Amino acid sequence: LFDLASQNALAILGRLLHLSGSFLALRPTDNSPHALAAIARIGRVEVDRYLRLGAPSIQRAITTAIPVTLHPNHDLLAEVVIPPGQQLVFVPVRSSDRTMGVLGLLADASNRDLSDRQLLTILGLTLGVLLENLRQKDDLREMAAIDELTKVYNRRYFFEHLEREVAFALRY
């Protein structure tokens, strides 16, 4: 559910903001590197390059809670990696209490939506709250299905799963 929601959110953002590509990289709870959660209209190799190249910009976006643009004409290495006429913006994805990761948005340099910092900040907050709610919902679903003492699926989960399997067997 979480992965599907992340992918759908990127697809919607891509259409709304006329993006060439986008990606969502989330940070696990410890200080390990960002893990790629979703990609839209861009290859994984390019995203890995952007994450490595943009590490200082990503860190600045996370610490300041403000979107940071990586301009190819300001950084020689960025000029090699980012396609000509494109800009890359790192938007911090925040829930109410923490920064969950970063949203990378790639678009034409003429795209005015990516220069609207207030819009991008609100999008990052909205996406963060959405993802945090989904994560909490998944945690609650798991807590309701697994017995706390034995760590085994409970009776309710067994019967729900059994009903699904019987319905599948009757259909096919």
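Tutor: Let us begin with one pair of residues, bearing in mind that this is a predicted model. Val 89 has Leu 105, in strand 5, as its bridge partner.

Student: Which strands does this pairing concern, and how many bridges do they share?

Tutor: Strand 4 (residues 86-94) pairs with strand 5 over nine bridges, in the antiparallel sense. The two strands form a hairpin, with four residues between them.

Student: Which strand is joined to strand 5 by six bridges?

Tutor: That is strand 1 (residues 21-26), which runs antiparallel to strand 5. Within strand 5, Gly 101 is the residue opposite Leu 26. Strand 1 is also joined to strand 2 by five antiparallel bridges; there, Ser 22 has Ala 40 of strand 2 as its bridge partner.

Student: What strand order does the sheet have?

Tutor: The five strands form an open sheet in the order 2-1-5-4-3, with antiparallel pairing. Strand 2 (35-40) and strand 3 (68-70) are the edge strands, each pairing on one side only. Direction ignored, neighbouring strands are turned by 20 degrees against each other on average.

Student: How should I think about the side chains, and is strand 5 mostly covered or uncovered?

Tutor: In a regular strand, side chains alternate between the two faces of the sheet. Here, strand 5 (residues 99-108) is mostly covered, with nine of its ten residues buried.

Student: Which strands does helix 3 lie across?

Tutor: Helix 3 (residues 55-64) lies across strand 3, strand 4 and strand 5, and runs at about 40 degrees to strand 4.

Key
Residues are numbered from 1 along each chain as its sequence is written. This is a predicted model: local features need pLDDT of at least 70, side-chain atom pairs count only at pLDDT 80 or more; totals for chains, interfaces and linings use all residues. Side-chain values use heavy atoms; hydrogens and water are left out. Buried means under 20% relative accessible area, exposed over 50%, partly exposed in between (1.4 Å probe, protein chains only). Two strands pair if DSSP finds at least two bridges between them. Axes are lines fitted to C-alpha atoms, for helices over the stretch in contact, and angles run from 0 to 180 degrees between N-to-C directions. Contact means heavy atoms within 4.5 Å.
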